[in-house]
Amino acid sequence: MSDNNKNNDNKKSATNTMTDRELLSEWEIDNLPNRLTIFRVALIPVICLTLYLCLFEENIFKATQKTLGYIAAWTFVAASFTDFLDGYIARKRNIVTVFGSFLDPIADKFLVVSSLILLQSLNRVNVLVVIVLVIREMYMTALRLLAMEKGLKVSVNQLGKWKTTFQMMAIPMLMAWDKPFGFSFPLVGTILIYLSFFFSVLSALVYTFGLGKRITEVRQAKKAKI
């Protein structure tokens with residue numbers, strides 16, 4: 001065998017090895033961003049349990065209702081911080097895995113939806129607000145899956161980020177349900193959740209029209225080729 005053939009075989013072998021390594025890294029589970037995501041999922045039952053205990057009117061739970069509310073609030077804040085942290089680390093280290101891509105958005109939705117449902121059970125959030133926010137999450141997920149399936153790219157609008165910001169600030173305040181130093185968590189939390197409600201509807205409409213416009217452009221481009 002000539003030296004050129006050997007070099008070509010070596011290059012092919014190196015290419016195949018790199019491809020295998022990349023494939024294995026995509027399916028890796030044990031990395032820091034995924035650990036943080038799993039930790040976030042593990043915090044959800046803690047939030048649900050503490051808020052659920054607030055539903056009981058028995059003296060043993062009523063006396064500790066404020067403490068339970070703060071436990072839920074701070075646990076939610078910790079879970080939200082891990083959401084930011086795992087995304088930052090994944091981008092910084094260029095870690096993209098199938099497991100993380102699947103679990104991360106689901107963990108966020110589990111965290112928010114379960115919290116909203118329990119807050120509504122405690123009569124701290126209007127039921128229509130919860131319904132709209134939950135349906136919006138399902139609707140946007142379906143739209144994004146449609147866009148991915150058709151190979152369409154629609155940029156995320158800034159309104160969705162405002163919706164998330166207001167929502168993540170409102171929920172822990174509504175969990176704590178206290179007035180420390182005269183600052184009313186119930187009032188501020190209610191205002192913020194209504195702002196989140198407004199921006200959630202608006203951002204969904206903007207994304208829908210954006211996707212519809214993109215689909216129309218693709219159809220017109222295909223017609224022009226015919």
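In which crossing, left-handed or right-handed, does α4 pass α5? To find out, keep in mind that the model on your screen is a predicted one, and begin by selecting helix α4, residues 65-93, together with helix α5, residues 98-121. Looking at the pair, you will find that α4 passes α5 in a left-handed crossing.

Two packed helices are described by the angle between their axes and the distance between the axes. For α4 and α5 the angle is about 160°, and the axes lie 11 Å apart. Angles over 145 degrees count as roughly antiparallel, and α4 and α5 are therefore roughly antiparallel to each other.

Next, show the side chains where these two helices touch: on α4, select Phe76, Ala79, Ser80, Asp83 and Asp86, and on α5, select Asp104, Asp108, Leu111 and Ser115. If you colour this contact of α4 with α5 by residue class, 3 residues come up as nonpolar, 2 as polar and 4 as charged.

The crossing of α5 and α6 is left-handed.

For the last stop, display Lys109, Val113, Leu116, Ile117 and Gln120 in α5, and then the residues they meet in α6, namely Val127, Val130, Leu133, Val134, Glu137 and Thr141. Coloured by class, this contact of α5 with α6 divides into 7 nonpolar, 2 polar and 2 charged residues.

Definitions and conventions
Residues numbered from 1 in each chain as written. Predicted model: local features only at pLDDT ≥ 70, side-chain atom pairs only at ≥ 80, totals over all residues. Heavy atoms only, no water. Axes fitted to C-alpha atoms, helices over the stretch in contact; angles between N-to-C directions. Helix = DSSP H or I, 4+ residues; strand = E, 2+ residues; numbered from the N terminus. Parallel < 35°, antiparallel > 145°, perpendicular 65-115°, else oblique. Left-handed = near helix turned anticlockwise from the far one by under 90°. Contact = heavy atoms within 4.5 Å. Nonpolar A, V, L, I, M, F, W, Y, C, P; charged D, E, K, R; others polar.
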